[in-house]
Amino acid sequence: MAVNRVPVLKRCRSLGLDPIYLGVDKKSKRELKRANKKLTEYGLQLREKQKAKFIYGVLEKPFHNYYVKADKMSGMTGENLMVLLERRLDNVIFRLGFARTRREARQIVDHKHVLVNGKCVNIPSYLIKAGDTVEIKEKCKSSQRYKDILEITGARMVPEWLDVDQENLKGSIKELPTREVIDVPVDEMLIVELYSK
């Protein structure tokens, strides 16, 4: 399986991204030095795509598949793409505050700690639907790992499209997210322009 091993802060610096969007509290003290390099239109579009892929932890082929799916849906392709990425199970676990970062959320899903509507799901790219309930397995709830995670993520804002019960490590999806409530700093129109060439 392909794994992105680039240091997170280094990647954030090169993409001009605040690490807080990844759930990382650290800040890099280094400055990005670009000797008067002006980005071309293609460069800007590519950077936005790389930013979206990096934030959600999606590789090129699945990301392209999401784009094709978003293009077939009714409405704006860019908005559909962002909503599809936001509906991924690993992202929902992160948003509910059951993981510190999306990478950790992916690992939690991979290790079969998550139940969706009472059934074990270990596919991080599983797309949740409105009305689904997501919870951590009963035998995992008492582990020290989740106590530590909740200490850190307890104060994190949970988006309004999700309903969370942090005591019981359980959450439900009230409605599907819209682009207005997705706080990811990505200009999806540039991604659409890049793919529609």
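1. Let's open with a charged pair. The side chains of Glu104 and Arg100 meet in a salt bridge, 2.9 Å from N to O; the term stands for a side-chain nitrogen of Lys or Arg within 4 Å of a carboxyl oxygen of Asp or Glu. Glu104 is buried at 12% relative accessible area, while Arg100, at 27%, is partly exposed. The cut-offs here: buried is under 20% relative accessible area, exposed is over 50%, and partly exposed is in between, with a 1.4 Å probe and protein chains only.

2. Before going on, some housekeeping: this is a predicted model, where local features need pLDDT of at least 70 and side-chain atom pairs count only at pLDDT 80 or more, while totals for chains, interfaces and linings use all residues. Residues are numbered from 1 along each chain as its sequence is written, and side-chain values use heavy atoms, with hydrogens and water left out.

3. The structure has 12 salt bridges. One of them joins Arg95 to Asp183, with the closest N and O atoms 3.1 Å apart. Arg95 sits in helix H5 and Asp183 in the loop between strand S5 (170-173) and H9, so this pair ties together parts that are 88 residues apart in sequence. (Helices, H or I of at least four residues, and strands, E of at least two, are DSSP runs numbered from the N terminus.) Arg95 counts as buried at 10% relative accessibility; Asp183 counts as partly exposed at 44%.

4. Two other charged groups are worth a look. Arg179 pairs with Glu188 in a salt bridge, the closest N and O atoms being 3.0 Å apart. Arg179 is buried at 14% relative accessible area, and Glu188 counts as buried at 10%. Elsewhere, a network of salt bridges links Lys49, Lys53 and Glu60.

5. Back to H5: 8 of its 8 residues are buried, so this helix is largely enclosed by the rest of the structure. Just after H5, Gly97 takes a positive phi of about 90 degrees.

6. The second largest pocket has a volume of about 380 Å³. For the method: on a 1 Å grid over the protein atoms alone, a pocket is an open set of points where a 1.4 Å probe fits, with protein on both sides within 12 Å along at least five of seven lines, and lining residues have an atom within 4 Å of a point. Grid points are joined across faces, edges and corners, and the volume is the space filled by probe spheres set on the points. Of its 18 lining residues, the closest to the centre are Ile20, Arg95, Arg156, Met157 and Asp183. Helices H5 (89-96) and H8 (144-153) are the elements that give two or more residues to the lining, which divides into 10 nonpolar, 2 polar and 6 charged.

Definitions and conventions: Nonpolar A, V, L, I, M, F, W, Y, C, P; charged D, E, K, R; others polar.
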